[in-house]
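Me: I am new to this structure. Can you show me how to read a few of its features?

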Amino acid sequence: MKLDIVYFILFTLITMIILLYCAHFSKKLIAITTVKMNKTEDELYSAQEYLQSFFTYNRDAIAVFSLDGKVIKVNDAFEQIYGWKAEEIVGKAIPFIPAGLKGDAESRLERVKKGEKLVAFETQDKRKDGKIIDVEITVSPIFNRHQQVVALFGISRDLTEEKETEKFLRQKDKLSLAGEMAAGIAHEIRNPLTSLNGFIQLIHEDSSRYHSYTTIMLSELNRINSIVGEFLLLAKPHDTIMQKHAFSTILNDVILLFESECVLKNVVVKTQTEARHTYICCDANQIKQVLINLLKNALEAMPSGGEIHLNVTQHTKDLTIFIQDTGVGIPSNLLTHIQKPFFTTKPSGTGLGLVVIKNILYQHKGTFEIKSTVGEGTSVTLTIPLWEQGMNH
């Protein structure tokens, strides 16, 4: 009996020691686990915050799609680039793929659904306002813990500005090359041209027998000389004098020049301007040349009369000149070609008028845009920087 009591006491002591050790170990284990859990929670929170910041503040458009092509979530940049607000597009099928590119887009999405990632491919998308934009897109699959694709993640970068810059640089190179070639050709032609003109003038004055021939020859020589003059305008002008000029004075001089011709051709010029006291930094003669060429083109496009609308709008840093005629218009297939050197639709044209205009505007850091509809007329929009203190040189 006494032995049983001893065993019982020993068992109780051993059990208490084990329980105390387990309690101490469990408390230590709980403390370690708690620390690890807190650390993991902090890391998850940081990762979540990082991903949220990446999604929210990224300058590229980001969108998450379901496997059936419906929008789940978009960021602020998406709204700015594509024009749709989140509430307008979430839950709806992808609306920004142009009709002609839907087949290619669906093929790419099928590849991503199978786990493939498509990185930085260039394509075109459609904004809410219908404008087509150039974009660079990366599309990735989103997996669950079982490595099954459950959604798609797309990042889109707007390439519009980059493409415009590339286009501008290409145009700049073309104008520079055309200018160098034109200057060389013009100077080579002018010397023999002067000699020919002098001898034909002598023949014309000394003998009436060949008047019918010499008259035509002198007329053609004058035309060649005019073409040579336009060649020289293509070259970078070395005598350009950039000064402060009132735009209203330049405009009034040009309109006055065309006044009688407009009356003869039954054309009315309707002018609306905000630039009565506006100054630009320019070579006045060259800007006059631009306006003269454009008004001349407008008159020639209206052989039976019509109207020329000339609107001038002042902005913070530049002046916008909008010229629209009610003439025959230009077919869309010719609209891009008429801006190329030597291409013309006029029987006596040189094909250099618009090239000269664009070159002058380039020298003045201005812009040029032309639109036309057959039967409705043609419109041209120019911008010229305003004069600022210290611009004269």
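Reply: Start with a cut-off: a disulfide is a pair of cysteine sulfur atoms within 2.5 Å. Keep in mind that this is a predicted model.

Me: How many disulfides does a search of the whole structure find?

Reply: The search finds zero. Take cysteine 281, which is in no disulfide. Its nearest cysteine sulfur belongs to cysteine 282, 7.1 Å away.

Me: What is the relative accessible area of cysteine 281, and what is that of cysteine 282?

Reply: Cysteine 281 has 6% and is buried. Cysteine 282 has 0% and is buried too.

Me: Now a charged residue. Where is aspartate 125, and which side chain of opposite charge is nearest?

Reply: Aspartate 125 lies in strand E3, residues 118-126. The nearest side chain of opposite charge is arginine 108, 6.4 Å away. A salt bridge needs a distance within 4 Å. Aspartate 125 is buried yet has no salt bridge.

Me: With which side chain does aspartate 125 make a polar contact?

Reply: With that of tyrosine 82, at 2.6 Å. Aspartate 125 also touches other residues, including Phe96, Pro98 and Lys131.

Me: Is threonine 383 buried or exposed?

Reply: Buried means under 20% relative accessible area. Threonine 383 has 17% relative accessibility, so it counts as buried. It sits in strand E12, residues 377-385. Its side chain joins that of threonine 367 in a polar contact of 2.4 Å.

Technical notes
Residues are numbered from 1 along each chain as its sequence is written. This is a predicted model: local features need pLDDT of at least 70, side-chain atom pairs count only at pLDDT 80 or more; totals for chains, interfaces and linings use all residues. Side-chain values use heavy atoms; hydrogens and water are left out. Buried means under 20% relative accessible area, exposed over 50%, partly exposed in between (1.4 Å probe, protein chains only). Helices (H or I, at least four residues) and strands (E, at least two) are DSSP runs, numbered from the N terminus. Lys and Arg count as positive and Asp and Glu as negative; His and the chain ends are not counted. A polar contact is a pair of N or O atoms within 3.5 Å; within protein, one must be able to donate a hydrogen and the other to accept it, and residues adjacent in sequence count only if both atoms are side-chain atoms. Contact means heavy atoms within 4.5 Å. Lists of a residue's contacts leave out its neighbours within four places in sequence.
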